[in-house]
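Please look through the structure below with an eye to its charged side chains. The points that follow take them up one pairing at a time.

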Amino acid sequence: MTNQIEALPVLLVMIVFVWTPPHFWPLAIHRVEDFRRADL
């Protein structure tokens, strides 16, 4: 433990955090009828 925050792990977390919504929303929009049939 160094009590420091390194840049690389923060960068990786930010990439996943920024990438996930734009990736998920088009998939969810594409499958909206499946979600409706599943009553979600």
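1. Arginine 37 and aspartate 34 are three residues apart in helix 2, and because of this spacing about one helical turn separates them. In this predicted model, the two residues form a salt bridge in which the closest N and O atoms are 2.8 Å apart. Arginine 37 is exposed, since its relative accessible area is 66% and the cut-off for exposed is over 50%. Aspartate 34, with a relative accessibility of 32%, counts as partly exposed.

2. Aspartate 34 also has a salt bridge with arginine 31, where the side chains meet at 3.3 Å, again taken from N to O. Arginine 31 has a relative accessibility of 46% and therefore counts as partly exposed. Through salt bridges that share partners, Arg31, Asp34 and Arg37 are joined into one network.

3. A further pairing to check is that of arginine 36 with glutamate 33, whose side chains meet in a salt bridge at 2.7 Å, N to O. Both of these residues belong to helix 2, which covers residues 32–37, and they are three residues apart, or about one turn of the helix. Arginine 36 is exposed, with 55% relative accessible area, whereas glutamate 33 counts as partly exposed at 43% relative accessibility.

4. How many salt bridges does the count come to? The total is three salt bridges, and a careful reader may wish to find each of them in the view above, beginning with the contact between arginine 37 and aspartate 34.

Notes
Residues are numbered from 1 along each chain as its sequence is written. This is a predicted model: local features need pLDDT of at least 70, side-chain atom pairs count only at pLDDT 80 or more; totals for chains, interfaces and linings use all residues. Side-chain values use heavy atoms; hydrogens and water are left out. A salt bridge is a side-chain nitrogen of Lys or Arg within 4 Å of a carboxyl oxygen of Asp or Glu. Buried means under 20% relative accessible area, exposed over 50%, partly exposed in between (1.4 Å probe, protein chains only). Helices (H or I, at least four residues) and strands (E, at least two) are DSSP runs, numbered from the N terminus.
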